[in-house]
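Please open the model in your viewer and keep the selection panel at hand. The tour below moves from one selection to the next and says what is there.

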Amino acid sequence: AAIANNAGSTAAAATVLLSERSFSGAMANRSTAGTNLLPSSADTAVPWEVEVYDHGGWWASGAPTKFTVPDLPGLLGVKICVSINLSAAGAVTDELTIQKNGSAVYAGAPRCASGGPSTAAGGGTMTTGLIPCVAGDYFEAFFWNTVGSDRTFSGTARDFMSIEAVFEPIT
């Protein structure tokens, strides 16, 4: 079945079989616990360590913070999920953002912040709606905290980032 590309053309280059575009996306996680990679009072891109899956060439260990959108005919945008689980801390404010092309300000940009006098381990999961994008755009999870010392990852499968493509309907 042919699909229209972003310009509305159904040219041969945009002809894709349904089975070829049923899913494109990637997931990478952190497997190392106790690594101080999230310094206090610094906006830090989260470096992912292990590819869980990659259908389409979204993530590379040589650029471990970035998920880059491949050239996908019929792409409308992406949906992203980030989960971070951290060591215990004192009174703290944590903030998690997903940046697009190095900016936290764009249509659909999510931001999750929490704070309080907790000494428990922290973290959370953030998901997005559809974020419009094109081939070459990249996304990174950024973490910031005010605990006064570095935060550490749990090192479990619960520390991850995933991205999936959303396509135009096939007509």
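Begin by selecting E140 and T65, whose side chains are joined by a polar contact of 2.6 Å, a polar contact being a pair of N or O atoms within 3.5 Å in which, within protein, one must be able to donate a hydrogen and the other to accept it, while residues adjacent in sequence count only if both atoms are side-chain atoms. This is a predicted model, in which local features need pLDDT of at least 70 and side-chain atom pairs count only at pLDDT 80 or more, whereas totals for chains, interfaces and linings use all residues. Residues are numbered from 1 along each chain as its sequence is written, and side-chain values use heavy atoms, with hydrogens and water left out.

Stay with E140, which is placed in strand 11; strands (E, at least two residues) and helices (H or I, at least four) are DSSP runs numbered from the N terminus. E140 has a relative accessible area of 7% and is therefore buried, where buried means under 20%, exposed over 50% and partly exposed in between, with a 1.4 Å probe and protein chains only. Leaving aside neighbours within four places in sequence, the residues in contact with E140 (heavy atoms within 4.5 Å) are A45, T65, K66, T97, I98, Q99 and M161.

Of its 30 residues, W48, W58, F67, V78, I80, V82 and F139 touch the most other members. Strands 1, 6, 7, 11 and 13 each supply at least two residues of this core, and strand 6 gives the most, with 6 residues. Centre on W58, which, apart from neighbours within four places in sequence, has contacts including G25, F67, V78, I163 and A165.

Now colour strand 1 (residues 25-29) and strand 13, which pair in the antiparallel sense over 5 bridges, pairing requiring at least two DSSP bridges. Within this pair, G25 stands opposite E164 of strand 13. Why is strand 13 largely enclosed by the rest of the structure? The reason is that 6 of its 8 residues (160-167) are buried.

Move on to N101, in the loop between strand 7 and strand 8 (111-116). N101 is not a glycine, yet has a positive phi of about 55 degrees, and its relative accessibility of 35% makes N101 partly exposed.

Finally, zoom out to the protein chain, which has 0 helices and 13 strands, with buried residues making up 40% of its 171 residues.

Methods: A nonpolar core is a set of buried Ala, Val, Leu, Ile, Met, Phe, Trp, Tyr and Cys residues joined through side-chain atoms within 4.5 Å.
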